[in-house]
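Dear colleague,

Please find the structure below, handed over for your records. A summary of the findings follows it.

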Amino acid sequence: MPSLPASVRLSLWTTAAFAGHLDLDDAVRRALPDLDAVDGLLEPLRLWGDLGEQVLCVALPRPGQIATMPRSSAELVAAATEAGECVFVPALGGALVPTYEQFGPAGDTGWRVDWTTYDTEPVPVHQLAALDEREIERGLREQLIDVAGELDALDAPPWAGSGLRGEADERTALRLWGLPPGVPPRALRVIQLAGTVAAACELGLEQAPTLDGTTHARRERLLRDLLVNAETALAGATTAGAQTLAGLRHTRS
C-alpha cells in the first residue's frame, strides 16, 4: 500500500464533498483509486454529511502514540493502532478504521478495504484550531536535521545507495493519487514533506547495514522516532488542510 495513507486522501476528498465541491461517491473514488473494492464507507460518510458535519479529520496512531486520535473506546484505539490510521468527524463524534485484504488467485490479485465504524467523543474546537502548519513544518524539519546529524556522528547512515528521494516520493504517491483543489499551499507542502520523510524512514528500517549492536539499536530508535513524528505531522497538516477546505480557517501560506 502507498505511504500516503488512504485515510489522508479520504480526509481531504470527503471534506471537499461535504463542502459541496463534488459528489461523495466521486470523492471516495478519487481518494481510493488504488483499491479494487471498498465496503462500509459511504453510508456513515453520507449520514455524517447529512447531519451537518463539515470536516473529516485523520489520525495515524501507533502503539503508545495516540495523541492525534479523539477520545474513544479501547476497542477503537486497538483497531486504529493496528491499522495505523483512521478518520473521524470532530463535531458529531465518530470514526472509521480500515482493514485491508488482498484477494484473488496468484498473478491476478486485488486489494479490498472494509471500514468499521466506531463511536468517539466530539473534539473541542480549540484543539483543532491550535493546529499550525507553520509550526508543524518547522518542528519536523528541525528534527530531520538533528537526526541526520546524530546518524552522521554515529557513522550509521540511515539509507544505503542513491535515489532515496525518488523512491520515497514514489511511496508517498502524491502525484499519482492527487489531492483535491483548494488544499492550502503550506498544508500541501507539509503533507509532501511528512509523507516523504515517513517513507524514507520506512526504507531505512527495511535496510540492514552492518553495525555493532549498540549503534544498530540507536540508529533504529532514531529512525522510528522520526517516523512517528513524521506521521504525526502528516495527520496534523492533513486535518489543518481539511479545515481550510471546509471554510473553518483562513488559508495560511
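Ala-37 stands opposite Arg-112 in strand 5. Arg-112 is also the bridge partner of Glu-101.

This is a predicted model, in which local features need pLDDT of at least 70 and side-chain atom pairs count only at pLDDT 80 or more, while totals for chains, interfaces and linings use all residues. Residues are numbered from 1 along each chain as its sequence is written, and side-chain values use heavy atoms, with hydrogens and water left out.

The protein has 10 helices and five strands (DSSP runs numbered from the N terminus: helices are H or I of at least four residues, strands E of at least two). Strand 1 (residues 37–39) pairs with strand 5 (residues 110–118) in the parallel sense over three bridges; two strands pair if DSSP finds at least two bridges between them. Strand 4 (residues 95–103) pairs with strand 5 in the antiparallel sense over nine bridges. These two strands form a hairpin with six residues between them, and Gly-104 in the turn has a positive phi of about 100 degrees.

Glu-53 lies in the loop between helix 3 (42–50) and strand 2 (57–59). Its side chain has a polar atom 3.0 Å from the backbone nitrogen of Leu-92. Not counting residues up to four places away in sequence, Glu-53 touches Phe-18, Trp-48, Val-89, Pro-90, Ala-91 and Leu-92 (contact means heavy atoms within 4.5 Å).

Of the 253 residues of the protein, 48% count as buried, meaning under 20% relative accessible area with a 1.4 Å probe, protein chains only.

Methods. Buried < 20%, exposed > 50% of the residue type's maximum accessible area, 1.4 Å probe, protein only. Polar contact = N/O pair within 3.5 Å; in protein donor to acceptor, adjacent residues only side chain to side chain.
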